[in-house]
Structure formats: structure tokens, C-alpha cells
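Reader: I am new to this structure, and I would like to know what stands behind the words used for it. Could you show it to me and take my questions one by one?

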Amino acid sequence: MLNAAGCTAPTQQNPAATYGSAGGTLRVVSFDATLQAGNLRRLAAQAEREYIQLQALFRNDVGQITVNVRISGVARHFPSASIRIPSHLFRNGTAITAHEIVQLLAQGWASQVFKEGLAVYLQERIGEQLGWP
């Protein structure tokens, strides 16, 4: 689909922007063309810092994580190493990347209820953005 400027608008297959973290452990793929590049780079750096701390805590590694920033939806994790963050959470300063990274690192050995409780706890302790009041 072309926008008014004749450029291809972001779609499921055509993201608006992609940024890798400095350490290469994470990449942010934005499907929201209204987000500023600097903000997306900060999100990549934040999520990488959280991932490094959580890797040390769990002694687990799921490889490079992809954070998909979408215009709508809810925050979710997808095996094996993908996270979806709605852009409104990012804009509000409540991007719960640590919460979703915990869900990825705990997959396969913890019940859903335990993973959710652990993710909420560690988002509060390690997460750089508040998830809940």
C-alpha cells in the first residue's frame, strides 16, 4: 500500500523501521511509522539491558530476541524468541519488555501461572519501565 508521499506504508511484511541493539542480542522492528528513531533505539537498549540481567538470573539464553512494536494489540511473547509490544504502551512509558523476556526465558519449565507471577515480580524489580501501578 502506498501512502500520500508515494512510499510503501508499513504492513505485517514491511516494517517502518528495524534497529539492532549495540550488543546484537536484540532487535526492535516497528510497524508504527509515527514512532521516532531515537525512541526505538532507546527501547532496544533498554530491552537489551533487561535481557542481560535476566539471562544472568535464569542462566538461560533464547538467542536474539525480536521486539515487534505494533500499532494495536496486547503485549505478548511468542516462542522461541519474539515479543510484541503495542506502541501505546511504549508511548506511555509502560513497555513491559522485562516481563515478556521472563516469559521467554521460563518457557518449557514453569507453569503459566508461575511464569506470570514471576514475570510481574521481575518486571517490578528489573524492568526499566513500570508495567502496573
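Reader: At what angle do helix α1 and helix α4 pack, and how far apart are their axes?

Author: Happy to start there. Helix α1 (residues 37-58) and helix α4 (residues 112-126) pack at an angle of about 125°, with axes 11 Å apart. Helices here are DSSP runs of H or I with at least four residues, strands are runs of E with at least two, and both are numbered from the N terminus. The axes are lines fitted to C-alpha atoms, for helices over the stretch in contact, and angles between N-to-C directions run from 0 to 180 degrees. Before we go on: this is a predicted model, where local features need pLDDT of at least 70, side-chain atom pairs count only at pLDDT 80 or more, and totals for chains, interfaces and linings use all residues. Residues are numbered from 1 along each chain as its sequence is written, and side-chain values use heavy atoms, with hydrogens and water left out.

Reader: Why are α1 and α4 called oblique to each other?

Author: Angles under 35 degrees count as roughly parallel, over 145 as roughly antiparallel, 65 to 115 as roughly perpendicular, and the rest as oblique. The angle of α1 and α4 is about 125°, and the pair is therefore oblique.

Reader: Which residues of α1 and α4 meet, and what makes that a contact?

Author: Contact means heavy atoms within 4.5 Å. From α1 come Glu-50, Gln-53, Leu-54, Leu-57 and Phe-58, and from α4 come Leu-118, Leu-122 and Ile-126. They divide into six nonpolar, one polar and one charged. For these classes, Ala, Val, Leu, Ile, Met, Phe, Trp, Tyr, Cys and Pro count as nonpolar, Asp, Glu, Lys and Arg as charged, and the others, Gly among them, as polar.

Reader: How do α1 and α3 pack, and why is that pair called oblique?

Author: α1 and helix α3 (residues 97-105) pack at about 40°, with axes 9 Å apart.

Reader: Which strands does β5 pair with, and in which sense?

Author: β3 and β5 pair in the parallel sense over five bridges, with Arg-70 opposite Pro-86 in β5. β4 and β5 run antiparallel and are joined by three bridges; there, His-77 has Ile-83 in β5 as its bridge partner.

Reader: Why is β5 said to be largely enclosed?

Author: Buried means under 20% relative accessible area, exposed over 50%, and partly exposed in between (1.4 Å probe, protein chains only). Four of the five residues of strand β5 (residues 82-86) are buried, so β5 is largely enclosed by the rest of the structure.

Methods
Pairing = 2+ DSSP bridges.
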